[in-house]
Amino acid sequence: MRNLSIARFLSVVVLSAAAVAHAQDFKMGFVNTERIFREAEAAKQAQGKLEQEFSKREKELVDAGNTIKAASEKLEREAPTLSESQRVNRQKQLVEQDREFQRKRREFQEDLNSRKNEEQQLVIERANRAVKQVAESEKYDVIFQDAVYVNPKHDITDKVLKALNAAAK
């Protein structure tokens with residue numbers, strides 16, 4: 001019985017020593033995805049692409065909004081001198097213009113959000129490849145993207161940004 005207890009004790013000691021040795025080889029890292037989206041060349045290029053693609057429509061919407069605002073202000077100034085039917089007709093026109101403006105603005109926002117999601121997905125895929133490249137080349141066991149707290153010594157965001165930017169060129 002005593003030999004069995006000694007054997008159990010020795011196996012626990014050996015397993016504990018093996019676990020400690022294994023834990024010392026364990027290498028983990030952290031990537032700040034917010035920084036990736038802010039600083040990576042691929043993210044900046046995607047943002048520029050979106051701005052170029054949607055700037056004309058955005059300007060048209062701003063111009064349309066300004067036109068409606070000016071027409072509304074003009075109606076307010078001229079309302080006392082207009083006949084009842086003229087005032088009602090212009091109000092109806094303004095309401096119709098505003099309804100059309102709101103519809104176009106919603107469509108613009110939906111299109112922009114859809115394209116932004118597509119571009120972000122491409123950046124995420126490239127970033128994940130860069131993370132995998134860094135993890136494999138530096139023999140990381142695990143890389144985290146979200147954490148409440150990370151010791152700066154585990155932050156590999158700069159390495160991933162370098163790999164990602166190198167791949168973008």
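The structure is a predicted model, in which local features need pLDDT of at least 70 and side-chain atom pairs count only at pLDDT 80 or more, while totals for chains, interfaces and linings use all residues. Residues are numbered from 1 along each chain as its sequence is written, and side-chain values use heavy atoms, with hydrogens and water left out.

**Overall fold**
- The chain has 5 helices and 2 strands, taken as DSSP runs (helices H or I, at least four residues; strands E, at least two) numbered from the N terminus.
- From the N terminus on, these elements run α-β-α-α-α-β-α.
- Of the 169 residues in the chain, 21% are buried, where buried means under 20% relative accessible area, exposed over 50% and partly exposed in between (1.4 Å probe, protein chains only).

**Helix α3**
- The 38 residues of α3 (residues 41-78) should span 56 Å at 1.5 Å a residue, which agrees with the 53 Å between its end C-alpha atoms; the expected span is 1.5 Å times one less than the number of residues.
- At Phe54, α3 bends by about 45 degrees, the bend being the angle between axes fitted to the seven residues ending there and the seven starting there.
- Phe54 is also one of the buried residues of α3, which include Ala42, Leu50 and Leu61.
- The buried residues of α3 pack against α2 (33-39) and α4 (84-137).

**Around Phe26**
- Phe26 lies in the loop between α1 (2-25) and β1 (28-30).
- Phe26 counts as partly exposed because its relative accessibility is 43%.

Technical notes
Contact means heavy atoms within 4.5 Å.
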